[in-house]
Amino acid sequence: MLTGEIFKMVTALRPGTYRHIDTLNFCPVALFSSHHRAPEHLHVERLALVGAGAIGTAVALILSVLEATGDLTVIDRQIFESPNVITYSLGTDEDAGARLPKVDIVGTALQRMNIRRVHGTVDDFISHIDAGTMPLPHTVLGAVDNIAARHDLQRIYADLVLDGGTGGRAGTTVSLHEALPTGPCMRCYFPTNNATVTAEQRLHQATGLPLARIAQGDQALTEDDLRGLPRQGRRLLEQHLGKPVCGLGRVMNLTTVNGDNSYQPSAAFVAQQAASLMVGALIARAHNEDSNVRMRQIEYDTLYGPQLDMIDDRRPRSDCYCQTSQDVIRAVRNERLGAVEAYRL
Ligand SMILES: [Zn+2]
């Protein structure tokens, strides 16, 4: 948050788009009031982290500073590359040069924990669970950047999902969604909308690139195309110069579902605040055995800081899969929990 204050001072933000914070009483565990007693030590069992990107590496940094112990499975299919060095909380130029898997960056930072690495997809992880070679996690920390990936991590059917995110129009908003297999689930928070907005329209809305230009999809994006676009559009497209326009919606994650505006390259201090909310919720749950804990949706703009109205209670949507297919979900969970027992034996 201190880095965020410096960011506000050194960047030319428009007046009225931020608030300087000179005093703050904020505990990410208790949300606002200070926690009456900091936990002596964080020990986790059957924890999974899906996504070792900007938020995932921030989660790992916080867990390592907390000297957390226990077992953690990290799932990510990507390689750590040089653009990641400035936006991630872990990883160096040397790591990028060595093209290390992102799961290895996280694993190396958490020497006190027993780390299992899945250098692959959530489906690869689920295959391990179903085969009994990895346990069903109790809690999944979701650190992914699009809606389809959020639906994927819900399909693990862990007891609890703590999903962090960054986004908003300026990429400065942070969020936390707490989800259960019986609802509210990630599909309740992010319903799939099959409305008729096309990938081309989404690319146009996100970047300002004219639809007529997008229609010439096989022609590579040039400097000329960027001229006259809004600053946000230029920033999003600059890194894709030379690529054919038709694939841009996909590489920019715009094609998954309608209304997904979560693709925003957020600064590290933003991702770290999202990670703080996730680890805070993990600590709060680890020290509260009450099974009727409410499911919270938390969201605030880091340019304004945490606000009193940032917490909502969330209920399942009555037409969601988690409500209409409870028998299936229960059966899958029982099967996977059985595999946990076998795994222990
Ligand atoms: Zn649901």
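Four donors count as tetrahedral if all angles lie between 85 and 135 degrees. Donors here are N, O and S atoms within 2.8 Å of the metal (3.2 Å for Na, K and Ca); water is not among the atoms, so sites may look incomplete. This is a predicted model, where local features need pLDDT of at least 70, side-chain atom pairs count only at pLDDT 80 or more, and totals for chains, interfaces and linings use all residues. Residues are numbered from 1 along each chain as its sequence is written, and side-chain values use heavy atoms, with hydrogens and water left out.

Start at the zinc ion. Cys185, Cys188, Cys320 and Cys322 coordinate the zinc ion through their SG atoms, at 2.2 to 2.3 Å. The angles among the four donor atoms run from 102 to 125 degrees, and the site is tetrahedral. The donor spacing in sequence is C-x2-C-x131-C-x1-C. Cys188 sits in helix 8 (residues 186–189) and Cys320 in the loop between strand 8 and helix 15 (321–324), so this pair ties together parts 132 residues apart in sequence. Helices (H or I, at least four residues) and strands (E, at least two) are DSSP runs, numbered from the N terminus. Cys188 is buried, with a relative accessible area of 1%. Cys320 is buried too, at 2%. Buried means under 20% relative accessible area (1.4 Å probe, protein chains only).

Eight strands form an open sheet in the order 3-2-1-4-5-6-7-8, with mixed pairing. Strands pair if DSSP finds at least two bridges between them. Strand 3 (113–118) and strand 8 (311–313) stand at the edges with a single partner strand each, so one side of each lacks a neighbour in the sheet. Strand 1 (residues 43–50) and strand 2 (residues 69–75) pair in the parallel sense over six bridges. Leu49 has Val74 in strand 2 as its bridge partner.

Conventions:
Four donors count as tetrahedral if all angles lie between 85 and 135 degrees; four count as square planar and six as octahedral if opposite donors are over 155 degrees apart and all others between 65 and 115; anything else is irregular. Buried means under 20% relative accessible area, exposed over 50%, partly exposed in between (1.4 Å probe, protein chains only).
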